[in-house]
Amino acid sequence: MPILTDAQAQLLRDEKTYLTELHTTLSELKSPPADLGTLREALVRLDELFMIVVVGEFNSGKSALVNALLGARVLPEGVTPTTTRLTLVKYGDIVHETIGADNIAILTFPLDFLRELNIVDTPGTNAVIRRHEELTRDFIPRSDLVLFVTSADRPFTESERQFLEHIREWGKKIVLIINKRDILENEAAQAQVRTFVEENARHLLGLAPELFVVSAKYDVVDGKLTDGMSALNGYVLSWLDEAARLRVKFASPLGVADQILKRAETNWENERETLKVDLETGETVEGEVNVYAQEVQDEMAPRLAEVDNLLLRLEARGMDFFDQHIRLTKIADLARSDRFRAMFEKQVLAGVPEEIEKRTRAVVEWLVEKDMRHWQQVLSYLQRRRRGAADQLVGEVTTSIDLRRQALLNSTTEAAQGVIASYDAEKESREIGAHVETAVTQTALVEAGAVGLGTIITTAISATAVDVSGVLLAGVIAILGLFIIPYKRQQAKERFKAKIQDLRERLMNVLRAQFTSEADRALTRLREGVAPYLRFVRAEKERLARSEQQLATARKNLAALQGRVAREFS
Ligand SMILES: Nc1nc2c(ncn2[C@@H]2O[C@H](COP(=O)(O)OP(=O)(O)OP(=O)(O)O)[C@@H](O)[C@H]2O)c(=O)[nH]1
Ligand SMILES: [Mg+2]
């Protein structure tokens, strides 16, 4: 680095700080190691010499061109793909080649301008040896200025267009060189090629880059450069001007930062798209669970009401029975309580315990069926998401997040599948039914199979017991008809009503409590089943919100630095 002004020194420090911070941010955001490496190199490059990198398809004459600039044929030239490794030419008192880090050849050469500029010869692109192109491609971010050499006999090929695009993405300064001018027959042909290359380059790069038409082989006369090569040499030497060099030197790492940041932004956008699908699935699954909870809540009451109605009808039948049978005309029946009891059981009670059991069982089955159905729904959502996520894994760069998502979807769907596969509705109903039964028993409502009805009958009947013989003997039938029987009837009805009321309350309470706890259990199981995936989705959402912030800050700071560089070297 040449001597810097205070402002430039500050700018340099800020730029280094920025690149370091960006590196930290992007490694947090899991940018690919290659990108992070490139960023680190950009930082190191700030302290290195200005680097001119010569690129182009194999056989276009890159090595010949560097040789011409050096004024000596130190680099091998050849018609087949010749240059196999990156060769950095730098100043040295003697011509000497060593192999440095990254398998890059370091060639020292005693030429003054090399004290300020390094020149790099690269393996050609579009050669059968694809590794050559890769080496050169990966080196582009490290360059400050790119000399793009195309051969006059095949100017601007498709592969050259692609490669040029790659260089442009890194924000590098590009100079175009049409080599082997001598191959073209006349000036008209030269002009034609020049126009063709210029137009294509303008189209691709947005502006026409500087362009030289040279003959690396023949623009050397008596050891002196002529024509195009002489002009190109002048151009290279013009970079000895410090201001020009500094401008590119300062801007170059920011171009690299811009490109790597762009990749991270694109990656973020892709992740957000994926998250969108996860969020949708998460919402649908959560919605399904809530629908389940709501449905159970809504449908429970009418279903229990059906059980309750049985008791209400029983009450009504009982009232009727007492009205019809506690009468003077039925005094004979009344006198025989065992017969009265049998009639009551037949006309009022018949089938009620079985009905209650049947209805309760229906509630159990409803609950079990509902549970099953919601598991199946949840499973189908998860499966759909799993298929989508699996498709995404194919062919693309897989991140740890992708793998984690897939693992979670796998385990969650497997858990759901497991629940469904092992779902024995009958067994489930039996178990819940047993729970319900136990609960009902524990409230002492069941008595010899009948739901507390025995007690009811006993209390109701005993109220009707009439000491008929004594009354008859007293010969006061009128009193019996007018007062005692209606009183007994009233008493029986009231007691029966009270008993039924009590029974209804207790039965409803215990059934409601039992079914609610069964439903809660099923709901908890469903919630717990999908919880890991939902937690993942929430965590992803938070992570992406944080990275969005970090990327925005990095982007803003980059723009500020680029502005400062532009102003400083305007
Ligand atoms: N006619 C003509 N031939 C040239 C010119 N420049 C280079 N050549 C020849 O083109 C062939 C390729 O030259 P190189 O310098 O090896 O080409 P390169 O671009 O370095 O090729 P790779 O290292 O394989 O990528 C050699 O035979 C050179 O002699 C030129 O200006 N005119
Ligand atoms: Mg070469």
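How far is an oxygen atom of ligand 1 from a polar backbone atom of Ser-60? The gap is 3.2 Å. Keep in mind that we're looking at a predicted model here.

**Around the ligand**

Let's stay with ligand 1 for a moment. It has 23 residues around it, and the closest are Gly-61, Lys-62, Thr-82, Thr-83 and Asp-182.

| Residue | Backbone atom | Distance to an oxygen atom of ligand 1 |
|---|---|---|
| Asn-59 | N or O | 2.8 Å |
| Ser-60 | polar | 3.2 Å |
| Gly-61 | polar | 2.8 Å |

**Two pairs of helices**

Now for the helices. Two packed helices are described by the angle between their axes and the distance between the axes.

Take α11 (residues 352–393) and α12 (residues 400–421): their axes come within 9 Å and cross at roughly 150 degrees. Angles over 145 degrees count as roughly antiparallel, so that's the label for α11 and α12. The crossing of α11 past α12 is left-handed. On the α11 side, the residues that meet α12 include Met-372, Trp-375, Leu-379 and Arg-386. Their partners in α12 include Asp-402, Arg-405, Leu-409 and Ile-420. Sorted by class, this contact has 11 nonpolar, 7 polar and 5 charged residues.

The other pair is α8 (residues 242–325) with α10 (residues 337–349). These helices pack at an angle of about 140 degrees, and their axes are 9 Å apart. That angle makes α8 and α10 oblique to each other. This time the crossing is right-handed.

Terms used. Residues numbered from 1 in each chain as written. Chains lettered and ligands numbered in written order. Predicted model: local features only at pLDDT ≥ 70, side-chain atom pairs only at ≥ 80, totals over all residues. Heavy atoms only, no water. Axes fitted to C-alpha atoms, helices over the stretch in contact; angles between N-to-C directions. Helix = DSSP H or I, 4+ residues; strand = E, 2+ residues; numbered from the N terminus. Parallel < 35°, antiparallel > 145°, perpendicular 65-115°, else oblique. Left-handed = near helix turned anticlockwise from the far one by under 90°. Contact = heavy atoms within 4.5 Å. Nonpolar A, V, L, I, M, F, W, Y, C, P; charged D, E, K, R; others polar. Near = heavy atom within 4 Å. Polar contact = N/O pair within 3.5 Å; in protein donor to acceptor, adjacent residues only side chain to side chain.
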